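Please look over the sequence and the model below before reading on. The paragraphs that follow go from the surface to the charged pairs.

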Amino acid sequence: MIGTFGVFLGMAVLYRARLVRATPRLARLVIGTLVGIVAIGLVNLFAYLFTGRQGVVVYSLSDRVGWLPYLFSVVAIIAGALSFILDFDLVERSAANRLPRRYAWYCAFGLLVGLIFLYWQILRLLSYVRR
C-alpha cells in the first residue's frame with residue numbers, strides 16, 4: 001500500500017509542478033498501453049485455462065517466473081502511474097469548466113480504478129520477486 005500511495009503522490013507532485021503534462025500523445029500512449037495490457041492478460045488467461053501453459057502473466061504460486069512477467073508488470077505499473085496524469089487533468093479541466101457536481105463522481109471513480117489497478121500490479125510484481 002505504501003508503494004501504491006507513494007506512486008500516486010509522486011505523480012500528483014509531478015503533475016502539480018507541471019513536469020509531466022497530459023498531452024493527446026500521452027493520452028493515446030497510456031490508453032493504448034492499458035488496452036494492450038488487458039488484451040494480453042485475457043489472452044494469457046484463456047491460454048492458461050485451455051493449455052495449462054503460462055506466458056506473460058503467471059497464475060500459479062509455485063511455478064518459476066521468467067523475465068517476461070517481470071517486464072510485463074513493470075510496464076503495467078508505469079502505465080498505471082501515467083494514467084493518474086490523465087485523471088488529474090480531467091479533474092482540473094472539469095473544475096475549470098464548472099461541470100455539474102455529479103461529474104465529480106466520475107472523476108473520483110477514475111482515480112479509484114487507477115489506484116486499484118496500480119495496487120494489483122505492484123502486488124503481482126512483489127509476488128514474482130518473492131518467489
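In this predicted model, helix H4, which spans residues 103–130, is the largest contributor to the nonpolar patch, giving 3 residues. The patch covers about 510 Å² of surface and is made by Met1, Phe5, Tyr119, Leu123 and Leu126.

Turning to the charged side chains, the model has 2 salt bridges. In one of them, glutamate 92 pairs with arginine 18, with 2.9 Å between the closest N and O atoms. Because glutamate 92 belongs to helix H3 (residues 67–96) and arginine 18 to the loop between helix H1 (2–16) and helix H2 (24–51), this pair ties together parts that lie 74 residues apart in sequence. Glutamate 92 is partly exposed at 30% relative accessibility, and arginine 18 is partly exposed at 35%.

A salt bridge also joins the side chains of aspartate 89 and arginine 93, again with an N to O distance of 2.9 Å. Here both residues lie within helix H3, 4 residues apart, which is about one turn of the helix. Aspartate 89 has a relative accessibility of 16% and therefore counts as buried, since the cut-off for buried is under 20%, whereas arginine 93, at 46%, is partly exposed.

Technical notes: Residues numbered from 1 in each chain as written. Predicted model: local features only at pLDDT ≥ 70, side-chain atom pairs only at ≥ 80, totals over all residues. Heavy atoms only, no water. Patch = residues over 30% accessible without salt bridge, like charges linked within 9 Å, V, L, I, M, F, W, Y side chains within 5 Å. Areas by Shrake-Rupley, 256 points an atom, 1.4 Å probe, with all protein chains shown as cover. Salt bridge = Lys/Arg side-chain N within 4 Å of Asp/Glu carboxyl O. Helix = DSSP H or I, 4+ residues; strand = E, 2+ residues; numbered from the N terminus. Buried < 20%, exposed > 50% of the residue type's maximum accessible area, 1.4 Å probe, protein only.
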